Structure formats: C-alpha cells, structure tokens
Amino acid sequence: MEQFNLETVRKIIEVNHEAYNENFAKGDASQFAKHYTSDASIFPTNFPKMTGSDAINAFFDGAYKMGIRNIKLTSVEVMGGPELVVESGNVELFMENAISVYKGKFVIIWKQENDEWKMFRDIWNINTPA
C-alpha cells in the first residue's frame, strides 16, 4: 500500500470535483454516484439522511430534473490521515445559463474504497437565512 500523502489526496479531491460536475452537467446520475462509496450517506438541506447508491442516485437525478445543471465545489480545508480525510468548503448550484440558485457550505468525509478515494459522508446547507 502506498504511503499516505495529504497533498496527493487533496489533488485527487480536486479532480474528483471536476468529474463530479461534468457527470452532473450531463444528467448522468449513475456516473455521478460513482464518486461515493457503496455505503455512503448524504445529508441534504431540508431532507432526511439518505444512504446507499440507489438513494443517492435518486436524489441527484431529481435535482437534475428540477433544473440544476452545474455544481461548483470549492475546497477550503482538507485534513486527515490514511483512514479518513475531511474536507470543508463552499458549494454553489446553477440552473441553465449559469443562473446561481444556491450558495452554501459542505463537509465531506472521504474514505478509500477499492484503492480509490471516494465520498463517504456528504453534508451541506444553504447560506441564506430561513
């Protein structure tokens, strides 16, 4: 097994975010969900916790059907070790014509599955007051 290097994982996360957005922009929920571990959970704003590939696919497929076309994830902090890496940052969602409809923040816990770093826990919330 390769020695853990946080900077390498940080770069993997950046590449993952780019691919994540590209898959989402195409409306390809099956490719999109591959960025998550098989036992991943998401914690979306105003929804209950959702666990597993089917639930995650359904949630993001629904977001695409509602008109979300792009997701911009910006890492602010990445820390951790060989077991788990925690990332925090900012998220922005866009409709057609790059119209911003959501600005928030996130915390993602990354873990290795089949020698690939994938999202294990993904929680986000909106910056706009209720």
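Keep in mind that the model is predicted.

**Stop 1: the largest pocket**

Select Phe-59, Ala-63, Leu-93, Tyr-102 and Trp-124. Of the 25 residues that line the largest pocket, these are the closest to its centre. The volume of this pocket is about 510 Å³. Now colour the helices and strands. Helix H1 (6-25), helix H3 (53-65), strand E3 (70-80), strand E4 (85-94), strand E5 (100-113) and strand E6 (116-126) each give two or more residues to the lining of the largest pocket. What classes of residue make up the lining of the largest pocket? There are 21 nonpolar, 3 polar and 1 charged residues.

**Stop 2: the second largest pocket**

Next, select Glu-2, Gln-3, Gln-112, Asp-115 and Trp-117. They are the closest to the centre of the second largest pocket, out of 13 lining residues. The space here is about 250 Å³. H1 has the largest share, with 3 residues. By class, the lining of the second largest pocket has 6 nonpolar, 4 polar and 3 charged residues.

**Stop 3: the cavity**

How many cavities of 30 Å³ or more are there? The count is 1. The largest cavity holds about 30 Å³ of space. To find it, select Phe-24, Gly-27, Asp-28, Ala-29, Phe-60, Asp-61 and Tyr-64, which line it. Helix H3 (residues 53-65) supplies the largest share of this lining, 3 residues. Sorted by class, the lining of the largest cavity has 4 nonpolar, 1 polar and 2 charged residues.

**Stop 4: a nonpolar patch**

Select Met-79, Val-86, Val-107 and Ile-123. Together they make a nonpolar surface patch of about 290 Å². Zoom in on Met-79, which sits in strand E3.

**Stop 5: salt bridges**

Side chains of opposite charge can pair when their charged atoms come close. The count for this model is 5 salt bridges.

Begin with Arg-10 and Glu-7. Their side chains meet in a salt bridge, at 3.1 Å from N to O. Both residues lie in helix H1, 3 residues apart, which is about one turn of the helix. Arg-10 is partly exposed, with a relative accessible area of 26%. Glu-7 is also partly exposed, at 39%.

Now select Arg-69 and Glu-96. This salt bridge has an N to O distance of 3.2 Å. Where do the two partners sit in the chain? Arg-69 is in the loop between H3 and E3, and Glu-96 is in the loop between E4 and E5. The pair links distant parts of the chain, 27 residues apart. Is Arg-69 buried or exposed? Arg-69 is buried, with a relative accessible area of 19%. That value is under the 20% cut-off. Glu-96, at 48%, counts as partly exposed.

Finish with Lys-118 and Glu-113. Their side chains meet in a salt bridge at 3.8 Å, N to O. Check the accessibility of each partner. Lys-118 counts as buried, at 13%. Glu-113 counts as buried too, at 17%.

Note on methods:
Residues are numbered from 1 along each chain as its sequence is written. This is a predicted model: local features need pLDDT of at least 70, side-chain atom pairs count only at pLDDT 80 or more; totals for chains, interfaces and linings use all residues. Side-chain values use heavy atoms; hydrogens and water are left out. On a 1 Å grid over the protein atoms alone, a cavity is a set of points where a 1.4 Å probe fits but cannot get out, and a pocket is an open set with protein on both sides within 12 Å along at least five of seven lines; lining residues have an atom within 4 Å of a point. Grid points are joined across faces, edges and corners, and a volume is the space filled by probe spheres set on the points. Helices (H or I, at least four residues) and strands (E, at least two) are DSSP runs, numbered from the N terminus. Ala, Val, Leu, Ile, Met, Phe, Trp, Tyr, Cys and Pro count as nonpolar, Asp, Glu, Lys and Arg as charged, and the others, Gly among them, as polar. Patches are made of residues with over 30% relative accessible area and no salt bridge: like charges are joined within 9 Å, nonpolar side chains (Val, Leu, Ile, Met, Phe, Trp, Tyr) within 5 Å. Accessible areas come from the Shrake-Rupley method with a 1.4 Å probe; for residues, only the protein chains shown count as cover. A salt bridge is a side-chain nitrogen of Lys or Arg within 4 Å of a carboxyl oxygen of Asp or Glu. Buried means under 20% relative accessible area, exposed over 50%, partly exposed in between (1.4 Å probe, protein chains only).
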